[in-house]
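Hi,

Here is the model I promised to pass on.

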Amino acid sequence: MAPLGPMNIRRRQPRPQDIEIEILYCGVCHSDIHQARNEWQNTVYPCVPGHEIIGRVVKAGSAVRKFKVGDIAGVGCLVDSCRTCPSCREGLEQFCENNATFTYNGEDRASDGITFGGYSERVVVDEAFALRVSEKLNLAAAAPLLCAGITTYSPLRKWKVGKGQKVGVVGLGGLGHMAVKFANAFGARVALFTTSPGKAQDALRLGAHEVILSKDPGEMARHKGSFDFILDTVSAEHPLDPYLELLKRDGTMTLVGAPSTPAPVMCFSLILGRRSLAGSLIGGLPETQEMLDFCAERGIVCDVEMITMDQINQAYARMLKSDVKYRFVIDIRKSRWA
Ligand code: NAP
Ligand code: ZN
Ligand code: ZN
């Protein structure tokens, strides 16, 4: 697989409803790796990943209402959708029944091309798909909220995680560490499942109340039938039954991690206890804004390691070893684009 390297791309001329953003920071999501490496078998090359974008508005079209030049704006995983189907009308644009336009590797509705993501200096986007980000937040640390943040916030809200519940988060990476912070902020008792014993102290600092080493069957067995909800953020193939068995009667385990291989499940893991196995995809525009406002109010941001663009291939290699604390963010202005 060829490593990432520099290339020139063209952005469209802003339309009246568009803003042009000078990108300041872009987070590095594990989906960027799946996509760059064609693990989901739908990549169109050349591919420019990046969907955790924060920058400054440098142009605003005549019809733009939400932003003016100089404002901070965020762009997540979506840049367009049909806007008329039932899902779009409910603000669940990620489930657009006429195919949402994703920030990269998507068929652009505004041109004939394929969309290019945030590993770049600028982006042009319809203001309806740009988010307001409070300047009270550390902007570099806020960038990953645009994917890792909303992808974990949305299922925790949908399944009404809160006080009095025991909630599990599987995997302490970009998504997992935000799931721990949000589940704690919503008042739940939070347990982190990890394959990395060295992350235990960090997990407690981030808001977990206990840490379970998932490869230790004895430790896992102690929690049988005790969880209300489990959120699985793991990026690679792993067995699901050992987690399903830890759910209470009527408990739910939701997958957000997206490995490319199927995950077999024993029927009895679900039948006994009437348990549910579910999935969740990022979040729509209204909920993404709600999450950003919640984070601004509570001072919640991501724990980040800053890199420049030339370090991206090393960053991918480290993420594949589960070695990131806990999100890489590219400082776009400090990057050289030789
Ligand atoms: P990440 O930062 O690389 O974290 C993944 C974590 O999974 C690792 O830190 C590790 O945690 C655990 N892990 C990795 N390999 C494992 C293995 N073989 N067995 C068990 N655990 C393992 O990745 P991320 O950016 O958070 O993304 C996670 C997944 O979510 C990716 O598949 C990504 O594509 C997907 N995703 C989905 C959505 C959605 O809308 N559904 C949105 C964004 C991302 P420990 O070291 O703690 O074990
Ligand atoms: Zn992502
Ligand atoms: Zn739609």
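The donor residues of the zinc ion (ligand 2) have the sequence spacing C-x21-H-x95-C. They are Cys29 (SG), His51 (NE2) and Cys147 (SG), at 2.0 to 2.3 Å. Donors here are N, O and S atoms within 2.8 Å of the metal (3.2 Å for Na, K and Ca), and water is not among the atoms, so sites may look incomplete. Cysteine 29 sits in the loop between β1 (18–27) and α1, and cysteine 147 in the loop between α3 (139–142) and α4 (148–158), so the pair ties together parts 118 residues apart in sequence. (Helices are DSSP runs of H or I with at least four residues, strands are runs of E with at least two, and numbering starts from the N terminus.) Cysteine 29 is buried at 2% relative accessibility, and cysteine 147 is buried at 4%. Buried means under 20% relative accessible area, exposed over 50%, and partly exposed in between (1.4 Å probe, protein chains only).

Before the rest, some bookkeeping. This is a predicted model, where local features need pLDDT of at least 70 and side-chain atom pairs count only at pLDDT 80 or more, while totals for chains, interfaces and linings use all residues. Residues are numbered from 1 along each chain as its sequence is written, chains are lettered from A and ligands numbered from 1 in the order in which they are written, and side-chain values use heavy atoms, with hydrogens and water left out.

Now the other zinc ion, ligand 3: its protein donors are Cys82 (SG), Cys85 (SG), Cys88 (SG) and Cys96 (SG), 2.3 to 2.4 Å away. Along the chain they follow C-x2-C-x2-C-x7-C. The angles between the four donor atoms run from 103 to 122°, so the arrangement is tetrahedral (for four donors, all angles between 85 and 135 degrees). Cysteine 85 is buried at 6% relative accessible area, and cysteine 88 at 8%.

Then there is ligand 1. It is surrounded by 29 residues, meaning residues with a heavy atom within 4 Å of it; the closest are His30, Thr194, Thr195, Ser196 and Arg327. α1 gives the most to this shell, with three residues. A polar side-chain atom of threonine 194 is 2.5 Å from an oxygen atom of ligand 1. Polar backbone atoms also come in: one of leucine 172 at 2.7 Å from a ligand 1 oxygen, and one of glycine 174 at 2.8 Å from a ligand 1 oxygen.

Cheers

Conventions:
Four donors count as tetrahedral if all angles lie between 85 and 135 degrees; four count as square planar and six as octahedral if opposite donors are over 155 degrees apart and all others between 65 and 115; anything else is irregular. A polar contact is a pair of N or O atoms within 3.5 Å; within protein, one must be able to donate a hydrogen and the other to accept it, and residues adjacent in sequence count only if both atoms are side-chain atoms.
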